[in-house]
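The notes follow in the order in which I went through the structure.

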Amino acid sequence: MSNVNIKPLADRVLVQPAAAEEKTASGLYIPDTAKEKPQKGTVVAVGNGKKDEPLTVKVGDTVLYGKYSGTELNVDGTDYLIMRESDIFAVL
C-alpha cells in the first residue's frame, strides 16, 4: 500500500485504479489509444462516514466502480480517484 497524505471526508473513498490491460487474452498488444479505463481498483483511504451511515469498505479492499465514477487526482505522479462510497458497486 502506498502512503498518501489525503484524508477523504464523510462518505468519500480514495481509490488507486488498477493498471489498464496491456494485451488481450489471445496475446495481442493493445495500443494506448484503444485502452479502456479500468473499473477496478484498491481502496487507499476512507473517510469517517456519515452520522447514520458508517462506511462498509476499508483500506486494502479491491472494489468495482462505474466507468465514469469519481474525480481523478494525480498526487506525486500516482493517479487516484476520489468518489462517494455509493459509486462503488462491489467489493471483490
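I began with Thr42, which stands opposite Thr62 in β3. I then noted that β2 and strand β3 (residues 62–65) pair in the antiparallel sense over three bridges; strands here are DSSP runs of E of at least two residues, numbered from the N terminus, and two of them pair if DSSP finds at least two bridges between them.

This is a predicted model, in which local features need pLDDT of at least 70 and side-chain atom pairs count only at pLDDT 80 or more, while totals for chains, interfaces and linings use all residues. Residues are numbered from 1 along each chain as its sequence is written, and side-chain values use heavy atoms, with hydrogens and water left out.

On its other pairing, β2 runs antiparallel to strand β1 (residues 12–17), joined by five bridges, and I found Val15 opposite Val43 there. Five of the seven residues of β2 (residues 40–46) are buried, so this strand is largely enclosed by the rest of the structure; buried means under 20% relative accessible area, exposed over 50%, and partly exposed in between (1.4 Å probe, protein chains only).

Next I followed β1 to strand β5 (residues 78–84), with which it pairs antiparallel over four bridges, Leu14 standing opposite Ile82. Ile82 also has Thr71 opposite it, and β4 and β5 pair antiparallel over five bridges. In their hairpin, with two residues between the strands, Asp76 takes a positive phi near 55°.

Last, I checked Ser69, in the loop between β3 and β4 (71–75), which counts as buried at 13% relative accessibility. Ser69 touches Leu81, Met83 and Asp87, leaving aside residues up to four places away in sequence, where contact means heavy atoms within 4.5 Å.
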